[in-house]
Amino acid sequence: MAKKNTESLEGMRVQAVRKQDNLAADIDELVDRINPKNAVTRWKNETVQVVKGFFVADDGSYDLPHIAAVAGGVIGTVGVIAGLAALASRRG
């Protein structure tokens, strides 16, 4: 009976140490996440990856259809804004 209690206590110690290690790792991760400098760096890297994922093909070449679509959208938006500005200046 004494051996079973000893094994049980050792198992509980191992489990407690594992939980402490997990908690320490979680605290370190939280501190890293709330550090503004680290957050800005992480956001910048995520943004770069999203943009690269949209404009660069899997083989590393530029994805021209996506680039053309975005350029067309920008040019169209600028044209609409210019037209609305011209219309507003004629009215007022």
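How many salt bridges does the structure hold? The structure, a predicted model, holds 2 salt bridges. The legends below cover these and a nonpolar surface patch.

**View A. Salt bridge between E10 and R13 in helix 1.** E10 pairs with R13 in a salt bridge, and their closest N and O atoms are 3.7 Å apart. Helix 1 spans residues 2-34, and the two residues are 3 positions apart in this helix, a separation of about one helical turn. E10 is partly exposed, with a relative accessibility of 42%. R13 has 51% relative accessibility and counts as exposed, because the cut-off for that class is over 50%.

**View B. Salt bridge between E29 and R33 in helix 1.** The side chains of E29 and R33 form a salt bridge with an N to O distance of 2.8 Å. Both residues belong to helix 1 and are 4 residues apart, about one turn of the helix. E29 is partly exposed at 38% relative accessibility. R33 is also partly exposed, its relative accessible area being 49%.

**View C. Nonpolar patch on the surface.** The patch consists of F54, V70, V74 and V78, which together have about 320 Å² of accessible area. Helix 3, residues 64-91, makes the greatest contribution to this patch, with 3 residues.

**View D. V74 within the nonpolar patch.** V74 is one of the residues that form the patch and is located in helix 3. The relative accessible area of V74 is 47%, so V74 counts as partly exposed.

Methods
Residues numbered from 1 in each chain as written. Predicted model: local features only at pLDDT ≥ 70, side-chain atom pairs only at ≥ 80, totals over all residues. Heavy atoms only, no water. Patch = residues over 30% accessible without salt bridge, like charges linked within 9 Å, V, L, I, M, F, W, Y side chains within 5 Å. Areas by Shrake-Rupley, 256 points an atom, 1.4 Å probe, with all protein chains shown as cover. Salt bridge = Lys/Arg side-chain N within 4 Å of Asp/Glu carboxyl O. Buried < 20%, exposed > 50% of the residue type's maximum accessible area, 1.4 Å probe, protein only.
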